[in-house]
Amino acid sequence: MSQPQSSRFVAIGECMVELSVAGDGLYRRGFAGDTFNTAWHFARQAPAGWLAAYLTGLGTDEMSEEMLGFFMASGIETDAVRRIEGASPGLYMIHLKDGERSFSYWREMAAARRLAADEDHLAEVFERGDAFYFSGITLAILPPDGRDRLIRHLAVAKASGKMVAFDPNVRPRLWPDMATARRAVEAAARVSTHCLPSFDDERATFGDETSRETAARYRSVGVAEVVVKDGASAALVSWDGGREQVPAVPPAEIVDTTGAGDSFNAAYLAARLRGAGPVAATIAGHRLASRVVGGHGALVE
């Protein structure tokens, strides 16, 4: 008897090698990245009948093989990964000073920058996918032709009735200038059904004065549902049926805020795909984010 075919949630972007401080002169290696973090959490929150997959680029070196093994061990499907001969993953290092984190990156030649370079590969991934998730970082690491190619496929997915979820996640250092970043974010929003911005980013990038202004701007370009996250403050969810402020869930203890927004997105989207309404899904997002900030790193069980 054949097994029923699962639906596929495809996150798109870059997973990097992470080096974090583990002692005097010692570093611990891990793997992380904004959309990968969401895929990892989605795999644990997934509704019945749904699988998480990750669309990225990896090389054929030993580190790429280890990262691929980590994907599989995390319950993430790897058939959407594009393998590129001679390439390798990007890397970043976490620095700690007086409890504050800063980062150094080595990603200019990362294989993930070529995740959208193969038209046939993209077409196959989008044909098999049922819901898609990407971010402003996904867009920022791609060359202009790859960015345009990805957005074109996302537009087709939206037109066919599939979920297309987008977190603008603007990181100015990844863009040549902020005008280019704003144009890319606006183009991505037009092909999205759900948008999950963070208010601090939107205020800095677009000059928004309130979360309502942020939500209205994304709704005006055709996004059906917007959740404006605002750290420990209430999130604003806006959809065709209404608009509501949803208070955050206070954590028992704040240990590390890394990946809080990524985990929120995973729980929110999983809840929506499970059939929960926008407000209930926002509460689910807050609950998972509250748990994640109580542990170390972005990938907290």
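Q: What strand order does the open sheet of 9 strands have?
A: This is a predicted model, where local features need pLDDT of at least 70, side-chain atom pairs count only at pLDDT 80 or more, and totals for chains, interfaces and linings use all residues. Residues are numbered from 1 along each chain as its sequence is written, and side-chain values use heavy atoms, with hydrogens and water left out. Strands (E, at least two residues) and helices (H or I, at least four) are DSSP runs, numbered from the N terminus. Pairing in the sheet is mixed, and the order is S6-S4-S1-S10-S11-S12-S13-S14-S15.

Q: Which strands are the edge strands?
A: Two strands pair if DSSP finds at least two bridges between them. An edge strand here pairs on one side only. The edge strands are S6 (76-77) and S15 (242-246).

Q: Which residue in S4 stands opposite alanine 11?
A: Strand S1 (residues 7-12) pairs with strand S4 (residues 50-55) in the parallel sense, over 6 bridges. Opposite alanine 11 stands tyrosine 54.

Q: At about what angle does helix H9 run to S11?
A: Helix H9 (residues 260-274) lies across several strands, including S1, S4 and S11 (163-167). Axes are lines fitted to C-alpha atoms, for helices over the stretch in contact (heavy atoms within 4.5 Å). Angles run from 0 to 180 degrees between N-to-C directions. For H9 and S11 the angle is about 160 degrees.

Q: How many degrees lie between the planes of phenylalanine 134 and phenylalanine 166?
A: Rings of Phe, Tyr and Trp (its six-membered ring) pair if their centres lie within 6.5 Å; planes under 30 degrees apart count as stacked, over 60 as edge-to-face and the rest as tilted. Phenylalanine 134 is in strand S10 and phenylalanine 166 in strand S11, 32 residues apart. The pair is stacked, at 4.7 Å centre to centre, with a plane angle of 25 degrees.

Q: Is tyrosine 268 buried or exposed?
A: Tyrosine 268 forms a stacked pair with phenylalanine 264. The relative accessible area of tyrosine 268 is 0%, so this residue counts as buried.

Methods: Buried means under 20% relative accessible area, exposed over 50%, partly exposed in between (1.4 Å probe, protein chains only).
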